[in-house]
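Please look over the sequence and the structure shown here before reading on. The paragraphs that follow go from single residues to the groups that they form.

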Amino acid sequence: MKKLKILYMSNNLVKDWTEFVKLADLLCLEDLVFVGNPLEEKHFAENNWIEEATKRVPKLKKLDGTPVIKEDEEEEN
């Protein structure tokens, strides 16, 4: 799965960051759908889901259908 770019992993039972950070090993992963997992639901309610997820998997360009805009990219514009 080294060339995997898109992963639909919604509605599973992932509830902690230990499992989530394994996705960082997928070096080509750009688009992740993770809606419906306990981990996503908890952090979405805390309003920090995108920030926390992209911190752990920094190469993501799209998360749950939303383009990821990184702070350093915003500063360059």
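**A guided reading of the model**

Asn11 counts as exposed, at 61% relative accessibility; the classes are buried for under 20% relative accessible area, exposed for over 50%, and partly exposed in between, with a 1.4 Å probe and protein chains only. The model is predicted, and local features need pLDDT of at least 70, side-chain atom pairs count only at pLDDT 80 or more, while totals for chains, interfaces and linings use all residues. Residues are numbered from 1 along each chain as its sequence is written, and side-chain values use heavy atoms, with hydrogens and water left out.

Asn11 lies in the loop between β1 and α1. Here helices (H or I, at least four residues) and strands (E, at least two) are DSSP runs, numbered from the N terminus. Asn11 has a positive phi of about 55°, although it is not a glycine. Most residues other than glycine have a negative phi. Asn47 is another such case, with a positive phi of about 65° although it is not a glycine. Asn47 is placed in the loop between α2 and α3 and counts as exposed, at 73% relative accessibility.

The strands come next. Four of them form an open sheet in the order β1-β2-β3-β4, with mixed pairing; two strands pair if DSSP finds at least two bridges between them. The edge strands, each pairing on one side only, are β1 (6-8) and β4 (66-67). Strands β1 and β2 run parallel and are joined by three bridges. Within β2, Asp31 is the residue that stands opposite Ile6.

Which rings form pairs in this model? Trp17, Phe20, Phe34 and Trp49 are linked by ring pairs into a cluster. Rings of Phe, Tyr and Trp (its six-membered ring) pair if their centres lie within 6.5 Å; planes under 30 degrees apart count as stacked, over 60 as edge-to-face and the rest as tilted. A search of the whole structure finds five aromatic pairs. One of them is the stacked pair of Trp17 and Trp49, at 5.9 Å centre to centre and with 15° between the planes. Because Trp17 lies in helix α1 (residues 17-20) and Trp49 in helix α3 (residues 49-56), this pair ties together parts that are 32 residues apart in sequence. Trp17 is buried, with a relative accessible area of 16%, and Trp49 is buried as well, with a relative accessible area of 4%. The ring centres of Phe20 and Phe34 are 5.0 Å apart and their planes stand at 85°, so this pair is edge-to-face.

His43 lies in helix α2 and counts as buried, at 7% relative accessibility. Apart from its neighbours within four places in sequence, His43 is in contact (heavy atoms within 4.5 Å) with Trp17, Asn48, Trp49 and Glu52.

On a 1 Å grid over the protein atoms alone, a pocket is an open set of points where a 1.4 Å probe fits, with protein on both sides within 12 Å along at least five of seven lines, and lining residues have an atom within 4 Å of a point. Residues lining the second largest pocket include Glu40, Phe44, Asn47, Asn48 and Trp49. The elements that give two or more residues to this lining are α2 and α3, and α3 gives the most, with three residues.
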